[in-house]
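Visitor: I would like to go through this model term by term. Please set each value against the rule behind it.

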There are 2 protein chains.
Amino acid sequence: MNTSYQYPRPALTVDCVVFGIGASDAATRKLQVLLIQRDLPPFKNAWALPGGFVRINESLDQAAARELREETGLSKVYLEQFHTFGDPQRDPREHVVSVAHFALVNLFDHKVLAATDARDADWFDADQTPKLAFDHQLILTSAWQRLQQAVRQRPIGFELLPREFTLTQLQQLYEVILNQSLDKRNFRKKLLAMELLIDTQRKQTGVAHRAAKLYRFDRTKYQRLQKAGFHFEL
Amino acid sequence: MNTSYQYPRPALTVDCVVFGIGASDAATRKLQVLLIQRDLPPFKNAWALPGGFVRINESLDQAAARELREETGLSKVYLEQFHTFGDPQRDPREHVVSVAHFALVNLFDHKVLAATDARDADWFDADQTPKLAFDHQLILTSAWQRLQQAVRQRPIGFELLPREFTLTQLQQLYEVILNQSLDKRNFRKKLLAMELLIDTQRKQTGVAHRAAKLYRFDRTKYQRLQKAGFHFEL
DNA sequence: CCAAAAGTGTTTGAGCTACACCCATGG
DNA sequence: CCATGGGTGTAGCTCAAACACTTTTGG
(Lines give C-alpha, C1' and ligand atoms only; values in the text may rest on other atoms or scores of the structure.)
Protein backbone atom coordinates (compact mmCIF):
# COMPACT_ATOMS: atom_id res chain seq x y z
CA MET A 1 0.00 0.00 0.00
CA ASN A 2 1.73 3.10 -1.25
CA THR A 3 1.15 6.59 0.03
CA SER A 4 -0.16 7.67 -3.33
CA TYR A 5 -1.99 10.77 -2.20
CA GLN A 6 -1.00 12.45 -5.40
CA TYR A 7 -2.83 10.06 -7.70
CA PRO A 8 -6.25 11.05 -8.98
CA ARG A 9 -8.99 9.06 -7.29
CA PRO A 10 -12.03 7.32 -8.66
CA ALA A 11 -15.22 8.80 -7.28
CA LEU A 12 -17.15 6.71 -4.78
CA THR A 13 -20.91 6.34 -4.69
CA VAL A 14 -23.53 4.12 -3.13
CA ASP A 15 -26.57 2.82 -4.99
CA CYS A 16 -29.67 1.26 -3.46
CA VAL A 17 -31.90 -1.36 -5.00
CA VAL A 18 -35.08 -0.88 -3.02
CA PHE A 19 -37.39 -3.88 -3.05
CA GLY A 20 -40.96 -4.03 -1.87
CA ILE A 21 -43.95 -6.35 -2.08
CA GLY A 22 -47.26 -4.98 -3.35
CA ALA A 23 -49.49 -4.43 -0.34
CA SER A 24 -53.14 -3.91 -1.21
CA ASP A 25 -53.53 -5.59 -4.56
CA ALA A 26 -53.20 -9.28 -4.01
CA ALA A 27 -53.06 -9.54 -7.77
CA THR A 28 -49.83 -7.59 -8.14
CA ARG A 29 -47.78 -10.64 -7.44
CA LYS A 30 -44.56 -9.15 -8.64
CA LEU A 31 -41.50 -8.02 -6.81
CA GLN A 32 -41.40 -4.24 -6.91
CA VAL A 33 -38.40 -1.97 -7.19
CA LEU A 34 -38.21 1.74 -6.48
CA LEU A 35 -36.66 3.96 -9.14
CA ILE A 36 -36.11 7.66 -9.47
CA GLN A 37 -36.17 9.75 -12.59
CA ARG A 38 -32.98 11.68 -13.19
CA ASP A 39 -33.30 15.41 -13.74
CA LEU A 40 -29.70 16.00 -14.72
CA PRO A 41 -27.44 14.64 -17.42
CA PRO A 42 -26.04 12.20 -18.10
CA PHE A 43 -29.06 9.98 -18.71
CA LYS A 44 -31.33 12.96 -18.09
CA ASN A 45 -34.96 11.80 -17.69
CA ALA A 46 -33.92 8.16 -17.56
CA TRP A 47 -34.92 6.05 -14.58
CA ALA A 48 -32.17 5.08 -12.18
CA LEU A 49 -31.47 3.54 -8.81
CA PRO A 50 -31.40 5.96 -5.92
CA GLY A 51 -27.85 6.68 -4.85
CA GLY A 52 -25.13 9.26 -4.66
CA PHE A 53 -21.69 10.22 -3.53
CA VAL A 54 -20.15 8.98 -0.33
CA ARG A 55 -19.07 11.86 1.87
CA ILE A 56 -15.90 12.12 3.83
CA ASN A 57 -16.21 10.59 7.29
CA GLU A 58 -19.38 8.78 6.48
CA SER A 59 -19.64 4.99 6.51
CA LEU A 60 -21.02 3.17 3.50
CA ASP A 61 -24.18 2.17 5.30
CA GLN A 62 -24.69 5.71 6.49
CA ALA A 63 -24.24 7.01 2.97
CA ALA A 64 -26.74 4.52 1.59
CA ALA A 65 -29.28 5.37 4.28
CA ARG A 66 -28.79 9.10 3.77
CA GLU A 67 -29.18 8.95 0.00
CA LEU A 68 -32.26 6.83 0.38
CA ARG A 69 -33.78 9.36 2.75
CA GLU A 70 -32.86 12.31 0.57
CA GLU A 71 -34.08 10.85 -2.67
CA THR A 72 -37.07 8.78 -1.64
CA GLY A 73 -38.03 9.86 1.88
CA LEU A 74 -37.51 6.32 3.17
CA SER A 75 -35.84 5.77 6.48
CA LYS A 76 -35.30 2.90 8.89
CA VAL A 77 -35.38 0.29 6.15
CA TYR A 78 -33.28 -2.85 6.07
CA LEU A 79 -30.08 -2.19 4.12
CA GLU A 80 -27.39 -4.64 3.12
CA GLN A 81 -24.34 -4.12 0.99
CA PHE A 82 -23.99 -6.82 -1.65
CA HIS A 83 -21.41 -5.90 -4.30
CA THR A 84 -19.17 -3.11 -5.50
CA PHE A 85 -19.21 -2.17 -9.16
CA GLY A 86 -16.03 -0.67 -10.47
CA ASP A 87 -15.90 -0.92 -14.24
CA PRO A 88 -14.10 2.29 -15.32
CA GLN A 89 -16.62 2.72 -18.13
CA ARG A 90 -19.77 2.41 -16.08
CA ASP A 91 -20.16 6.18 -15.82
CA PRO A 92 -19.53 8.14 -19.04
CA ARG A 93 -18.21 11.17 -17.20
CA GLU A 94 -15.39 9.64 -15.24
CA HIS A 95 -14.36 6.62 -13.21
CA VAL A 96 -17.03 6.14 -10.56
CA VAL A 97 -17.03 3.13 -8.26
CA SER A 98 -20.34 2.27 -6.65
CA VAL A 99 -21.01 0.19 -3.57
CA ALA A 100 -24.40 -1.37 -4.22
CA HIS A 101 -26.89 -2.18 -1.47
CA PHE A 102 -30.27 -3.77 -1.48
CA ALA A 103 -33.03 -2.38 0.71
CA LEU A 104 -36.20 -4.08 1.90
CA VAL A 105 -39.25 -1.94 2.48
CA ASN A 106 -42.45 -2.90 4.20
CA LEU A 107 -45.07 -1.44 1.86
CA PHE A 108 -47.89 -2.40 4.19
CA ASP A 109 -46.88 0.27 6.69
CA HIS A 110 -45.01 2.75 4.51
CA LYS A 111 -48.26 2.80 2.58
CA VAL A 112 -48.09 4.96 -0.53
CA LEU A 113 -44.68 6.40 0.31
CA ALA A 114 -44.17 8.23 -2.95
CA ALA A 115 -46.21 10.94 -1.29
CA THR A 116 -43.17 12.11 0.66
CA ASP A 117 -41.00 14.50 -1.30
CA ALA A 118 -40.10 12.10 -4.01
CA ARG A 119 -42.20 13.41 -6.88
CA ASP A 120 -39.81 11.65 -9.26
CA ALA A 121 -39.83 8.28 -7.57
CA ASP A 122 -42.03 5.36 -8.52
CA TRP A 123 -42.41 1.62 -8.13
CA PHE A 124 -41.96 -0.80 -11.02
CA ASP A 125 -42.22 -4.52 -11.47
CA ALA A 126 -38.67 -5.63 -10.86
CA ASP A 127 -38.64 -7.70 -14.03
CA GLN A 128 -40.17 -5.03 -16.23
CA THR A 129 -38.37 -1.80 -15.60
CA PRO A 130 -37.81 0.86 -18.23
CA LYS A 131 -34.30 1.24 -19.63
CA LEU A 132 -32.08 2.23 -16.74
CA ALA A 133 -29.22 4.72 -16.53
CA PHE A 134 -25.59 3.65 -16.23
CA ASP A 135 -25.14 -0.05 -15.45
CA HIS A 136 -28.14 -0.04 -13.18
CA GLN A 137 -29.83 -2.88 -15.00
CA LEU A 138 -26.85 -5.05 -14.16
CA ILE A 139 -26.93 -3.91 -10.56
CA LEU A 140 -30.65 -4.61 -10.31
CA THR A 141 -30.34 -8.11 -11.74
CA SER A 142 -27.45 -8.84 -9.47
CA ALA A 143 -29.34 -7.50 -6.45
CA TRP A 144 -32.30 -9.74 -7.13
CA GLN A 145 -30.05 -12.80 -7.37
CA ARG A 146 -28.39 -11.94 -4.11
CA LEU A 147 -31.74 -11.31 -2.50
CA GLN A 148 -32.92 -14.76 -3.56
CA GLN A 149 -29.88 -16.28 -2.00
CA ALA A 150 -30.13 -14.17 1.16
CA VAL A 151 -33.81 -14.81 1.74
CA ARG A 152 -33.23 -18.57 1.77
CA GLN A 153 -30.42 -18.43 4.25
CA ARG A 154 -31.44 -15.71 6.66
CA PRO A 155 -34.81 -14.58 7.95
CA ILE A 156 -34.78 -11.19 6.28
CA GLY A 157 -37.96 -11.68 4.30
CA PHE A 158 -39.87 -10.46 7.34
CA GLU A 159 -38.54 -6.98 6.67
CA LEU A 160 -40.97 -6.81 3.78
CA LEU A 161 -44.01 -7.58 5.92
CA PRO A 162 -45.78 -5.79 8.73
CA ARG A 163 -44.95 -6.88 12.26
CA GLU A 164 -47.93 -9.22 12.29
CA PHE A 165 -48.57 -11.26 9.19
CA THR A 166 -50.30 -14.39 7.97
CA LEU A 167 -48.55 -17.48 6.72
CA THR A 168 -50.06 -16.94 3.30
CA GLN A 169 -48.52 -13.49 3.09
CA LEU A 170 -45.19 -14.96 4.06
CA GLN A 171 -45.47 -17.69 1.48
CA GLN A 172 -46.44 -15.27 -1.27
CA LEU A 173 -43.46 -13.16 -0.35
CA TYR A 174 -41.14 -16.08 -0.93
CA GLU A 175 -42.91 -17.01 -4.13
CA VAL A 176 -42.55 -13.50 -5.49
CA ILE A 177 -38.89 -13.19 -4.58
CA LEU A 178 -37.91 -16.67 -5.68
CA ASN A 179 -40.19 -16.51 -8.67
CA GLN A 180 -41.60 -19.98 -8.14
CA SER A 181 -44.62 -21.43 -6.44
CA LEU A 182 -44.31 -23.36 -3.21
CA ASP A 183 -46.42 -26.10 -1.69
CA LYS A 184 -48.67 -24.65 1.01
CA ARG A 185 -48.56 -27.54 3.44
CA ASN A 186 -44.85 -28.12 3.16
CA PHE A 187 -44.12 -24.43 3.51
CA ARG A 188 -46.16 -24.10 6.70
CA LYS A 189 -44.76 -27.30 8.14
CA LYS A 190 -41.21 -26.14 7.60
CA LEU A 191 -41.68 -22.63 8.93
CA LEU A 192 -43.63 -23.70 11.99
CA ALA A 193 -41.13 -26.46 12.71
CA MET A 194 -38.43 -23.83 13.23
CA GLU A 195 -40.49 -22.46 16.12
CA LEU A 196 -39.49 -18.91 15.28
CA LEU A 197 -43.00 -17.65 14.65
CA ILE A 198 -45.07 -16.46 17.56
CA ASP A 199 -48.79 -17.05 17.31
CA THR A 200 -50.25 -13.69 18.33
CA GLN A 201 -53.65 -15.27 19.03
CA ARG A 202 -55.09 -12.57 16.84
CA LYS A 203 -56.75 -12.88 13.45
CA GLN A 204 -56.72 -11.11 10.18
CA THR A 205 -59.62 -8.63 9.82
CA GLY A 206 -61.57 -7.21 6.92
CA VAL A 207 -61.38 -10.20 4.62
CA ALA A 208 -64.37 -11.83 2.97
CA HIS A 209 -63.43 -15.35 3.95
CA ARG A 210 -62.08 -17.29 6.91
CA ALA A 211 -59.65 -15.04 8.79
CA ALA A 212 -56.08 -16.26 9.05
CA LYS A 213 -53.97 -16.39 12.19
CA LEU A 214 -51.47 -13.59 12.66
CA TYR A 215 -47.86 -14.38 13.51
CA ARG A 216 -44.83 -12.40 14.57
CA PHE A 217 -41.23 -13.33 13.89
CA ASP A 218 -39.31 -14.02 17.09
CA ARG A 219 -36.12 -12.05 16.54
CA THR A 220 -34.85 -12.56 20.05
CA LYS A 221 -35.16 -16.30 19.86
CA TYR A 222 -33.55 -16.35 16.43
CA GLN A 223 -30.53 -14.47 17.69
CA ARG A 224 -30.22 -16.86 20.59
CA LEU A 225 -30.44 -19.93 18.37
CA GLN A 226 -28.08 -18.42 15.85
CA LYS A 227 -25.36 -18.08 18.47
CA ALA A 228 -25.91 -21.72 19.33
CA GLY A 229 -25.11 -22.66 15.73
CA PHE A 230 -28.61 -22.77 14.30
CA HIS A 231 -28.88 -21.99 10.61
CA PHE A 232 -32.07 -20.66 9.04
CA GLU A 233 -32.71 -22.40 5.75
CA LEU A 234 -35.37 -21.73 3.16
CA MET B 1 -27.06 11.39 -7.72
CA ASN B 2 -25.64 14.91 -7.58
CA THR B 3 -22.78 16.19 -9.66
CA SER B 4 -20.75 16.79 -6.54
CA TYR B 5 -17.38 16.92 -8.20
CA GLN B 6 -16.31 19.55 -5.75
CA TYR B 7 -16.65 17.38 -2.67
CA PRO B 8 -13.55 15.75 -1.24
CA ARG B 9 -13.48 12.04 -1.97
CA PRO B 10 -12.63 9.10 0.20
CA ALA B 11 -9.63 7.23 -1.11
CA LEU B 12 -10.26 3.85 -2.68
CA THR B 13 -8.10 0.76 -2.20
CA VAL B 14 -8.27 -2.97 -2.75
CA ASP B 15 -7.03 -5.53 -0.25
CA CYS B 16 -6.40 -9.20 -0.90
CA VAL B 17 -6.70 -12.04 1.57
CA VAL B 18 -4.53 -14.68 -0.05
CA PHE B 19 -5.25 -18.20 1.10
CA GLY B 20 -3.20 -21.31 0.45
CA ILE B 21 -2.95 -24.88 1.67
CA GLY B 22 0.37 -26.18 2.94
CA ALA B 23 1.85 -28.34 0.19
CA SER B 24 4.71 -30.50 1.36
CA ASP B 25 4.15 -30.91 5.07
CA ALA B 26 1.07 -33.04 5.52
CA ALA B 27 1.28 -32.07 9.16
CA THR B 28 0.72 -28.35 8.56
CA ARG B 29 -2.99 -28.88 8.37
CA LYS B 30 -3.81 -25.24 8.75
CA LEU B 31 -5.21 -22.77 6.32
CA GLN B 32 -2.44 -20.38 5.36
CA VAL B 33 -2.67 -16.69 4.65
CA LEU B 34 -0.09 -14.50 2.94
CA LEU B 35 0.89 -11.28 4.69
CA ILE B 36 3.35 -8.55 3.93
CA GLN B 37 5.34 -6.50 6.35
CA ARG B 38 4.82 -2.76 6.02
CA ASP B 39 7.88 -0.63 5.59
CA LEU B 40 6.10 2.72 5.92
CA PRO B 41 3.94 4.32 8.54
CA PRO B 42 1.30 4.07 9.69
CA PHE B 43 1.68 0.63 11.27
CA LYS B 44 5.31 0.55 10.14
CA ASN B 45 6.74 -2.98 10.50
CA ALA B 46 3.32 -4.41 11.24
CA TRP B 47 2.01 -7.25 9.10
CA ALA B 48 -0.81 -6.42 6.72
CA LEU B 49 -2.83 -7.73 3.81
CA PRO B 50 -1.43 -7.00 0.39
CA GLY B 51 -3.33 -4.21 -1.29
CA GLY B 52 -3.18 -0.66 -2.52
CA PHE B 53 -4.85 2.20 -4.25
CA VAL B 54 -7.17 1.73 -7.18
CA ARG B 55 -6.00 3.70 -10.19
CA ILE B 56 -8.12 5.71 -12.53
CA ASN B 57 -9.49 3.62 -15.38
CA GLU B 58 -8.70 0.35 -13.72
CA SER B 59 -11.37 -2.13 -12.68
CA LEU B 60 -11.45 -3.45 -9.14
CA ASP B 61 -10.37 -6.90 -10.20
CA GLN B 62 -7.53 -5.48 -12.23
CA ALA B 63 -6.42 -3.40 -9.28
CA ALA B 64 -6.50 -6.41 -6.97
CA ALA B 65 -4.55 -8.53 -9.45
CA ARG B 66 -1.99 -5.77 -10.02
CA GLU B 67 -1.37 -5.13 -6.34
CA LEU B 68 -1.01 -8.82 -5.75
CA ARG B 69 1.56 -9.08 -8.49
CA GLU B 70 3.47 -6.01 -7.34
CA GLU B 71 3.57 -6.95 -3.69
CA THR B 72 3.82 -10.72 -3.73
CA GLY B 73 4.81 -11.74 -7.24
CA LEU B 74 1.66 -13.83 -7.59
CA SER B 75 -0.26 -13.81 -10.82
CA LYS B 76 -3.07 -15.79 -12.39
CA VAL B 77 -4.62 -16.67 -9.06
CA TYR B 78 -8.33 -16.98 -8.42
CA LEU B 79 -9.68 -13.64 -7.14
CA GLU B 80 -13.12 -12.83 -5.85
CA GLN B 81 -14.44 -9.64 -4.35
CA PHE B 82 -16.38 -10.31 -1.14
CA HIS B 83 -17.01 -7.11 0.81
CA THR B 84 -16.22 -3.42 0.91
CA PHE B 85 -15.03 -1.90 4.15
CA GLY B 86 -15.78 1.77 4.60
CA ASP B 87 -15.60 2.72 8.25
CA PRO B 88 -14.23 6.29 8.18
CA GLN B 89 -11.89 5.45 11.09
CA ARG B 90 -10.36 2.33 9.61
CA ASP B 91 -7.30 4.25 8.38
CA PRO B 92 -5.85 6.75 10.85
CA ARG B 93 -4.67 9.09 8.09
CA GLU B 94 -7.90 9.75 6.29
CA HIS B 95 -11.07 8.15 5.02
CA VAL B 96 -10.03 5.14 2.97
CA VAL B 97 -12.58 2.70 1.57
CA SER B 98 -11.29 -0.74 0.69
CA VAL B 99 -12.80 -3.33 -1.60
CA ALA B 100 -11.68 -6.64 -0.12
CA HIS B 101 -11.02 -9.76 -2.20
CA PHE B 102 -10.01 -13.23 -1.34
CA ALA B 103 -7.47 -15.05 -3.47
CA LEU B 104 -6.81 -18.78 -3.73
CA VAL B 105 -3.29 -19.95 -4.47
CA ASN B 106 -2.16 -23.38 -5.45
CA LEU B 107 0.92 -23.82 -3.28
CA PHE B 108 1.78 -27.14 -4.89
CA ASP B 109 2.79 -25.45 -8.10
CA HIS B 110 3.70 -21.96 -6.92
CA LYS B 111 6.12 -23.86 -4.66
CA VAL B 112 8.05 -21.58 -2.38
CA LEU B 113 6.78 -18.40 -3.99
CA ALA B 114 8.19 -16.01 -1.41
CA ALA B 115 11.35 -16.34 -3.41
CA THR B 116 10.03 -13.93 -6.04
CA ASP B 117 10.63 -10.32 -5.10
CA ALA B 118 8.57 -10.32 -2.00
CA ARG B 119 11.25 -10.35 0.64
CA ASP B 120 8.71 -8.98 3.12
CA ALA B 121 5.96 -11.48 2.42
CA ASP B 122 5.34 -14.63 4.40
CA TRP B 123 2.76 -17.27 5.08
CA PHE B 124 1.01 -17.63 8.44
CA ASP B 125 -1.53 -19.93 9.91
CA ALA B 126 -4.77 -18.10 9.19
CA ASP B 127 -5.93 -18.50 12.78
CA GLN B 128 -2.65 -17.43 14.34
CA THR B 129 -1.48 -14.28 12.63
CA PRO B 130 0.48 -11.56 14.34
CA LYS B 131 -1.35 -8.32 15.12
CA LEU B 132 -2.38 -6.83 11.85
CA ALA B 133 -2.43 -3.25 10.60
CA PHE B 134 -5.63 -1.24 10.14
CA ASP B 135 -8.81 -3.34 10.35
CA HIS B 136 -7.10 -6.21 8.55
CA GLN B 137 -7.91 -8.72 11.27
CA LEU B 138 -11.57 -8.01 10.69
CA ILE B 139 -11.15 -8.36 6.95
CA LEU B 140 -9.27 -11.63 7.36
CA THR B 141 -11.92 -13.12 9.63
CA SER B 142 -14.64 -12.01 7.31
CA ALA B 143 -12.80 -13.45 4.30
CA TRP B 144 -12.45 -16.83 5.93
CA GLN B 145 -16.16 -16.94 6.71
CA ARG B 146 -17.01 -16.05 3.15
CA LEU B 147 -14.57 -18.63 1.87
CA GLN B 148 -16.24 -21.30 3.99
CA GLN B 149 -19.55 -20.37 2.52
CA ALA B 150 -18.23 -20.15 -1.03
CA VAL B 151 -16.38 -23.44 -0.97
CA ARG B 152 -19.57 -25.29 -0.02
CA GLN B 153 -21.61 -23.76 -2.79
CA ARG B 154 -19.22 -23.57 -5.69
CA PRO B 155 -16.35 -25.74 -6.80
CA ILE B 156 -13.61 -23.21 -6.14
CA GLY B 157 -11.64 -25.34 -3.72
CA PHE B 158 -9.89 -26.87 -6.72
CA GLU B 159 -8.07 -23.57 -7.20
CA LEU B 160 -5.98 -24.51 -4.18
CA LEU B 161 -4.85 -27.82 -5.63
CA PRO B 162 -2.70 -28.84 -8.57
CA ARG B 163 -4.52 -29.84 -11.73
CA GLU B 164 -4.35 -33.47 -10.75
CA PHE B 165 -5.03 -34.34 -7.14
CA THR B 166 -6.06 -37.20 -4.92
CA LEU B 167 -9.37 -37.44 -3.10
CA THR B 168 -7.53 -37.31 0.18
CA GLN B 169 -5.95 -34.01 -0.76
CA LEU B 170 -9.33 -32.66 -1.68
CA GLN B 171 -10.87 -33.85 1.55
CA GLN B 172 -8.07 -32.37 3.64
CA LEU B 173 -8.58 -29.10 1.81
CA TYR B 174 -12.20 -28.98 2.87
CA GLU B 175 -11.33 -30.02 6.39
CA VAL B 176 -8.78 -27.25 6.69
CA ILE B 177 -11.04 -24.56 5.30
CA LEU B 178 -14.15 -25.63 7.15
CA ASN B 179 -12.15 -26.43 10.25
CA GLN B 180 -13.91 -29.74 10.85
CA SER B 181 -13.24 -33.35 10.02
CA LEU B 182 -15.28 -35.17 7.42
CA ASP B 183 -16.12 -38.82 6.96
CA LYS B 184 -13.89 -40.34 4.31
CA ARG B 185 -16.43 -42.67 2.71
CA ASN B 186 -19.25 -40.18 2.70
CA PHE B 187 -17.02 -37.46 1.29
CA ARG B 188 -15.84 -39.64 -1.59
CA LYS B 189 -19.33 -40.92 -2.29
CA LYS B 190 -20.72 -37.43 -2.54
CA LEU B 191 -17.99 -36.00 -4.69
CA LEU B 192 -17.90 -38.94 -7.08
CA ALA B 193 -21.69 -38.95 -7.33
CA MET B 194 -21.55 -35.47 -8.89
CA GLU B 195 -19.55 -36.95 -11.73
CA LEU B 196 -17.44 -33.85 -12.01
CA LEU B 197 -14.13 -35.54 -11.31
CA ILE B 198 -12.27 -37.15 -14.14
CA ASP B 199 -10.26 -40.22 -13.30
CA THR B 200 -6.93 -39.54 -15.02
CA GLN B 201 -5.98 -43.24 -14.81
CA ARG B 202 -2.76 -42.08 -13.29
CA LYS B 203 -1.46 -42.59 -9.77
CA GLN B 204 0.28 -40.60 -7.16
CA THR B 205 4.06 -41.19 -7.13
CA GLY B 206 6.76 -40.97 -4.52
CA VAL B 207 4.73 -42.03 -1.54
CA ALA B 208 5.69 -44.79 0.86
CA HIS B 209 2.33 -46.50 0.73
CA ARG B 210 -0.38 -47.47 -1.71
CA ALA B 211 -0.53 -44.81 -4.40
CA ALA B 212 -3.81 -42.93 -4.72
CA LYS B 213 -5.69 -42.30 -7.93
CA LEU B 214 -5.33 -38.85 -9.48
CA TYR B 215 -8.37 -36.88 -10.53
CA ARG B 216 -9.01 -33.69 -12.46
CA PHE B 217 -11.96 -31.37 -11.99
CA ASP B 218 -14.14 -31.22 -15.11
CA ARG B 219 -14.69 -27.47 -15.52
CA THR B 220 -16.36 -27.80 -18.88
CA LYS B 221 -18.92 -30.27 -17.64
CA TYR B 222 -19.55 -28.16 -14.57
CA GLN B 223 -20.29 -25.09 -16.66
CA ARG B 224 -22.64 -27.09 -18.80
CA LEU B 225 -24.51 -28.51 -15.83
CA GLN B 226 -24.60 -25.14 -14.15
CA LYS B 227 -26.45 -23.63 -17.07
CA ALA B 228 -28.92 -26.47 -16.81
CA GLY B 229 -29.69 -25.46 -13.24
CA PHE B 230 -27.30 -27.76 -11.41
CA HIS B 231 -26.08 -26.49 -8.07
CA PHE B 232 -22.80 -27.65 -6.53
CA GLU B 233 -23.28 -28.29 -2.83
CA LEU B 234 -20.73 -29.17 -0.19
C1' DC C 1 -75.69 -20.84 0.58
C1' DC C 2 -71.94 -19.55 -2.07
C1' DA C 3 -67.25 -17.92 -2.88
C1' DA C 4 -62.79 -17.59 -1.18
C1' DA C 5 -59.06 -18.61 1.29
C1' DA C 6 -57.44 -21.08 5.79
C1' DG C 7 -55.96 -24.98 7.66
C1' DT C 8 -54.44 -29.75 8.15
C1' DG C 9 -51.53 -35.55 7.61
C1' DT C 10 -49.70 -39.26 5.41
C1' DT C 11 -47.00 -41.82 2.26
C1' DT C 12 -42.90 -42.37 -0.41
C1' DG C 13 -38.27 -42.12 -1.82
C1' DA C 14 -33.80 -39.83 -1.84
C1' DG C 15 -29.97 -38.91 0.42
C1' DC C 16 -27.30 -38.19 4.75
C1' DT C 17 -24.96 -40.40 8.75
C1' DA C 18 -22.47 -43.66 11.10
C1' DC C 19 -19.43 -47.16 11.01
C1' DA C 20 -14.67 -51.08 10.19
C1' DC C 21 -12.00 -53.77 7.53
C1' DC C 22 -8.96 -55.35 3.65
C1' DC C 23 -5.62 -53.71 0.04
C1' DA C 24 -1.46 -51.94 -2.22
C1' DT C 25 3.00 -50.05 -1.91
C1' DG C 26 7.70 -48.67 -0.40
C1' DG C 27 11.10 -49.14 2.73
C1' DC D 1 6.83 -57.96 6.93
C1' DC D 2 5.50 -53.76 8.67
C1' DA D 3 3.78 -49.12 8.53
C1' DT D 4 1.06 -46.04 6.12
C1' DG D 5 -2.56 -44.35 3.98
C1' DG D 6 -6.00 -46.00 -0.08
C1' DG D 7 -10.17 -47.71 -1.02
C1' DT D 8 -14.82 -49.71 -0.32
C1' DG D 9 -20.66 -51.06 1.34
C1' DT D 10 -24.69 -51.09 4.11
C1' DA D 11 -28.38 -50.23 7.44
C1' DG D 12 -31.10 -46.83 9.65
C1' DC D 13 -33.01 -42.62 9.74
C1' DT D 14 -34.30 -37.99 8.59
C1' DC D 15 -36.35 -34.97 5.74
C1' DA D 16 -38.19 -33.23 1.36
C1' DA D 17 -41.83 -33.87 -2.05
C1' DA D 18 -46.27 -34.92 -3.61
C1' DC D 19 -50.86 -34.65 -2.91
C1' DA D 20 -56.92 -33.25 -1.58
C1' DC D 21 -60.35 -32.33 1.36
C1' DT D 22 -62.79 -29.92 5.29
C1' DT D 23 -63.47 -25.55 7.84
C1' DT D 24 -64.48 -20.81 8.53
C1' DT D 25 -66.14 -16.41 7.35
C1' DG D 26 -68.36 -12.48 4.97
C1' DG D 27 -71.36 -11.10 1.68
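Predicted model: local features only at pLDDT ≥ 70, side-chain atom pairs only at ≥ 80, totals over all residues.

Visitor: What makes Thr168(A) and the phosphate oxygen of DNA strand C a polar contact?

Guide: The cut-off for a pair of N or O atoms is 3.5 Å. The pair at Thr168(A) is 2.9 Å apart, so it counts as a polar contact.

Visitor: Which base atom of DNA strand C does a polar side-chain atom of Arg185(B) approach?

Guide: A base nitrogen, at 3.2 Å. Lys189(B) also has a side-chain N or O atom 3.3 Å from a base nitrogen of DNA strand C. Both values lie within 3.5 Å, so both pairs are polar contacts. Two elements give two or more residues to the surface near DNA strand C: helix H4 (184-193) of chain A and helix H4 (184-193) of chain B.

Visitor: How many residues surround DNA strand C?

Guide: There are 19. The closest are Thr168(A), Lys184(A), Arg188(A), Lys189(A) and Lys213(A). To be near, a residue needs a heavy atom within 4 Å of the strand. By class, the surface has 11 charged, four polar and four nonpolar residues. Of the atoms of DNA strand C within 4 Å of the protein, 42% belong to sugar or phosphate, and the rest belong to bases.

Visitor: What are the corresponding values for DNA strand D?

Guide: 20 residues surround DNA strand D. Arg210(A), Lys184(B), Arg188(B), His209(B) and Lys213(B) are the closest. The surface near DNA strand D has five nonpolar, four polar and 11 charged residues. Sugar or phosphate accounts for 41% of the atoms of DNA strand D within 4 Å of the protein, with the rest in bases.

Visitor: Which atoms of DNA strand D do Arg210(A), Thr168(B) and Arg188(B) approach?

Guide: For Arg210(A), a polar side-chain atom lies 2.9 Å from a base oxygen. For Thr168(B), a side-chain N or O atom is 3.0 Å from a phosphate oxygen. For Arg188(B), the distance to a phosphate oxygen is 2.6 Å. The elements that give two or more residues to this surface are H4 of chain A and H4 of chain B.

Visitor: How do you know how chain A and chain B are related?

Guide: Superpose them. A rotation of 180° with 0.0 Å of shift along its axis puts chain A on chain B, with an RMSD of 0.0 Å. The two copies are thus related as by a two-fold rotation axis. The same surface serves both: 100% of the contact residues of chain A recur in chain B.

Visitor: At what angle do helix H2 and helix H3 of chain A pack?

Guide: About 145°, with axes 9 Å apart. H2(A) is residues 136-153 and H3(A) is residues 167-178. The crossing is left-handed. Trp144(A), Leu147(A), Gln148(A), Val151(A) and Arg152(A) of H2(A) make the contact with Tyr174(A), Val176(A), Ile177(A) and Leu178(A) of H3(A).

Visitor: What classes of residue make up the contact of H2(A) with H3(A)?

Guide: Seven nonpolar, one polar and one charged.

Visitor: What is the angle between H2 and H3 in chain B?

Guide: Again about 145°, with the axes 9 Å apart. H2(B) passes H3(B) in a left-handed crossing.

Visitor: Why is the bond from Pro41(A) to Pro42(A) worth a remark?

Guide: Most peptide bonds are trans. The bond from Pro41(A) to Pro42(A) is cis, with omega near -5°. Pro42(A) sits in the loop between strand E2 (31-37) and strand E3 (47-48) of chain A. In chain B, a cis peptide bond joins Pro41(B) and Pro42(B), with omega about 0°.

Visitor: What is the phi of Gln201(A)?

Guide: Near 70°, a positive value in a residue other than glycine. Most residues other than glycine have a negative phi. Gln201(A) lies in strand E8 (residues 197-203) of chain A.

Visitor: How many helices and strands does chain A have?

Guide: Five helices and nine strands.

Note on methods:
Residues numbered from 1 in each chain as written. Chains lettered and ligands numbered in written order. Heavy atoms only, no water. Polar contact = N/O pair within 3.5 Å; in protein donor to acceptor, adjacent residues only side chain to side chain. Helix = DSSP H or I, 4+ residues; strand = E, 2+ residues; numbered from the N terminus. Nonpolar A, V, L, I, M, F, W, Y, C, P; charged D, E, K, R; others polar. Axes fitted to C-alpha atoms, helices over the stretch in contact; angles between N-to-C directions. Left-handed = near helix turned anticlockwise from the far one by under 90°. Contact = heavy atoms within 4.5 Å. Least-squares fit on C-alpha atoms with pLDDT ≥ 70 in both.
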